[in-house]
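Welcome! Here is a friendly briefing for anyone meeting this structure for the first time. Take a look at it below, and then we can walk through it topic by topic.

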Amino acid sequence: MAFTGLAMQGFGGVLAVAQKELCDRRGWLTQAEFLELLSTAQVMPGPNVCNLSLMIGDRFFGWRGACAALGGMIALPMVLLLTLAWLVGLAPQASATHGMVLGALKGIAAVAGGQIIGTVLKLSKPLNAHPLGLPAAMGLAAAAFVAMVVLKWPLLWVLLGLGLVACLWTGQRLRAQQAPMPTTSKGPP
């Protein structure tokens, strides 16, 4: 039921609703846990919110929870979308109804863009505690943006390249944080 509610609230931007519902309202995840699961969901094939629902369902209720969460995420929205597509198909292309539907979809897209920006800003707070810190994480995000949008590199290569750099850099920082500090003795050997 929770994931059906998420799916029906998040036209074009479920992440903002998911973060608020799962972290703030229900308290199932901390912001850091949500960010960790979301980052894993984004590098897996398929829609990131569906991947996220599978991981959360599995975490709490095993494979049955994963199936229920995914079913809740896609069943009712799919029925609604198929119904809307059927209704739009019935309306003549030059009709006022067709124009209203197109206008509504453009409005939803603008709202979804705002939701995504808000979610990114809210989820950036836990990055301060990340071993790389917020400036390095933002630098990696900017490098990914430039690689994909400006240089038009394929997502797979950007993920492999920058992902490898981020993993190695984070691992090095974690090892440095865990390494014991050398002690100096001032007495005779």
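Two residues are in contact when heavy atoms of theirs lie within 4.5 Å. With that in mind, please note that this is a predicted model. The chain holds 7 helices and 0 strands, and its pattern along the sequence reads α-α-α-α-α-α-α.

**Overall shape**

- The radius of gyration of the chain is 22 Å, well over the 16 Å that the globule rule gives for 189 residues, so the chain is more spread out than a compact globule.
- Along its principal axes, the C-alpha trace spans about 95 × 45 × 25 Å.
- Of the 189 residues in the chain, 28% count as buried.
- If we take the contacts between residues at least 6 apart in sequence, 49% of them join residues at least 24 apart.

**The largest nonpolar core**

- This core has 22 residues, and the members that touch the most other members are F3, L6, L22, L29, F34, I56 and M73.
- Helices α1, α2, α3 and α4 are the elements that each give two or more residues to the core.
- Helix α4 provides the largest share, with 7 residues.
- What does L6 touch, once its neighbours within four places in sequence are set aside? L6 is in contact with V14, V17, A18, E21, L22 and M73.

**Where T4 meets G72**

- T4 sits in helix α1, which covers residues 2-9.
- In sequence, T4 and G72 are 68 residues apart, yet their C-alpha atoms are 4.4 Å apart in space.
- A polar atom of the T4 side chain lies 3.0 Å from the backbone oxygen of G72.
- Leaving aside neighbours within four places in sequence, T4 is in contact with G72, M73 and L76.

**An aromatic pair**

- How many aromatic pairs does a search of the whole structure find? The search finds 1.
- The partners are W28 and F60, whose rings form a tilted pair at 6.0 Å centre to centre, with 50° between the planes.
- This pair links distant parts of the chain, 32 residues apart: W28 is in the loop between α2 (14-25) and α3 (31-43), while F60 is in helix α4 (residues 48-90).

**N51 in helix α4**

- N51 has its place in helix α4.
- N51 is buried because its relative accessible area is 7%, which falls under the 20% cut-off.
- Apart from its neighbours within four places in sequence, N51 is in contact with A41, M44, P45 and G46.

**Helix α5**

- Helix α5 runs over residues 96-123, so to speak 28 residues in all.
- From its first C-alpha to its last, α5 reaches 40 Å, close to the 40 Å expected at 1.5 Å a residue.
- The buried residues of α5 are H98, A112, T119 and L123.
- Those buried residues pack against α2, α3 and α4.

- Helix α7 has 24 residues and reaches 33 Å from its first C-alpha to its last, close to the 34 Å expected at 1.5 Å a residue.
- Its buried residues are V158, A166, T170 and G171, and the buried residues of α7 pack against α6 (133-150).
- T170 is in helix α7, which covers residues 155-178.
- T170 counts as buried because its relative accessibility is 15%.
- Which residues does T170 contact, leaving aside its neighbours within four places in sequence? T170 is in contact with H130, P131 and L132.
- K152 lies in the loop between α6 and α7.
- The phi angle of K152 is near 60°, a positive value in a residue other than glycine.
- K152 is exposed, with a relative accessible area of 64%.

Definitions and conventions
Residues numbered from 1 in each chain as written. Predicted model: local features only at pLDDT ≥ 70, side-chain atom pairs only at ≥ 80, totals over all residues. Heavy atoms only, no water. Phe/Tyr/Trp six-rings, centres within 6.5 Å; stacked < 30°, edge-to-face > 60°. Helix = DSSP H or I, 4+ residues; strand = E, 2+ residues; numbered from the N terminus. Buried < 20%, exposed > 50% of the residue type's maximum accessible area, 1.4 Å probe, protein only. Polar contact = N/O pair within 3.5 Å; in protein donor to acceptor, adjacent residues only side chain to side chain. Expected span 1.5 Å × (residues − 1). Core = buried A, V, L, I, M, F, W, Y, C linked by side-chain atoms within 4.5 Å. Rg over C-alpha atoms; globule rule 2.2 N^0.38 Å.
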